[in-house]
Amino acid sequence: MGKIIEAEKVGYIYQSKYQKTKALTEVSCSFEQGRVYAITGKSGSGKSTFLSLLAGLDVPTEGTLYIDGKDIREIDRDSYRMNRASVIYQAFHLFPLLTVLENVMFPMQLQHVPNKEAKTRAQEFLSKVGLTESLYGKMPNMISGGEQQRVAIARAMASGGQILLADEPTGNLDSQNEKVIVDLLCKLAHEENYAVIVVTHNQKVAEAADVVYGMLDGALEVVRE
């Protein structure tokens, strides 16, 4: 399986009016489809900064990040985020005034998929994450945290990309729902061929991953592969 993302001595510096802060230092690693990757480390170690670069929200200040073999500086990052990579968050970030079904339809509507097709595909994605039709018309605040996270994953799948980035996806969940989400992310990688990259403090999430990277003071090391 080819490398879908490759980091080559990636560094990142936050620069304010008064000071520079080095958040990442010579990070080199790669990610393939069909595998789950966990990036672990303490708060402030650089994990979320690296995830934001992987999501195309910014570009490295040093080194190179390749997406499908192309320097991320040279691709259309808006298109990349819309069609190639999706992020799910600890706080779910669902649209509160859209129903469950409408939340999942939304990325396809941005891509100008006809409404009828978007609805059918949204129902398929919701079914894949184990949610039943009885929830489709409900607003996010009417369903549980575990269900909201599954809606967020279905919405990420609806973008059509094969890169799924997750920032502490089980952080707001109890242990039962945590297991459901971890199992789902593993299933998406191993059965649906996604590249799943998870930033996490959670040891159980890390144990389920195929590859574990550790981040310390902006530097990345391989913990297990």
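At 40% relative accessibility, D68 counts as partly exposed, a label for values between under 20% (buried) and over 50% (exposed), found with a 1.4 Å probe on protein chains only. The model is predicted, so local features need pLDDT of at least 70 and side-chain atom pairs count only at pLDDT 80 or more, while totals for chains, interfaces and linings use all residues. Residues are numbered from 1 along each chain as its sequence is written, and side-chain values use heavy atoms, with hydrogens and water left out.

D68 forms a salt bridge (a side-chain nitrogen of Lys or Arg within 4 Å of a carboxyl oxygen of Asp or Glu) with R84, the closest N and O atoms being 2.9 Å apart. This pair links distant parts of the chain, with D68 in the loop between β4 and β5 (70-71) and R84 in the loop between α2 (77-83) and β6, 16 residues apart. Helices (H or I, at least four residues) and strands (E, at least two) are DSSP runs, numbered from the N terminus. R84 is partly exposed too, at 23%.

The whole structure holds eight salt bridges. Among them, E62 pairs with K22, with 3.4 Å between the closest N and O atoms. Because E62 lies in strand β4 (residues 62-67) and K22 in strand β2 (residues 20-32), the pair ties together parts that are 40 residues apart in sequence.

Turning to the sheet, six strands form an open arrangement in the order β6-β7-β8-β3-β9-β10, with mixed pairing; two strands pair if DSSP finds at least two bridges between them. β6 (85-89) and β10 (219-224) stand at the edges with a single partner strand each, so one side of each is left without a neighbour in the sheet. Strands β3 and β8 run parallel and are joined by four bridges, and Y37 has I197 in β8 as its bridge partner. Helix α6 packs on the sheet, touching β3, β6, β7 and β8, where contact means heavy atoms within 4.5 Å.

The interior can be followed next. A nonpolar core is a set of buried Ala, Val, Leu, Ile, Met, Phe, Trp, Tyr and Cys residues joined through side-chain atoms within 4.5 Å. The largest has 44 residues, of which L126, I153 and L164 touch the most other members. A second, separate core of 32 residues includes A7, L51, L54 and V199. Leaving aside neighbours within four places in sequence, I153 is in contact with I88, V129, L164, I181, L184, L185 and L188.

Note on methods: Axes are lines fitted to C-alpha atoms, for helices over the stretch in contact, and angles run from 0 to 180 degrees between N-to-C directions.
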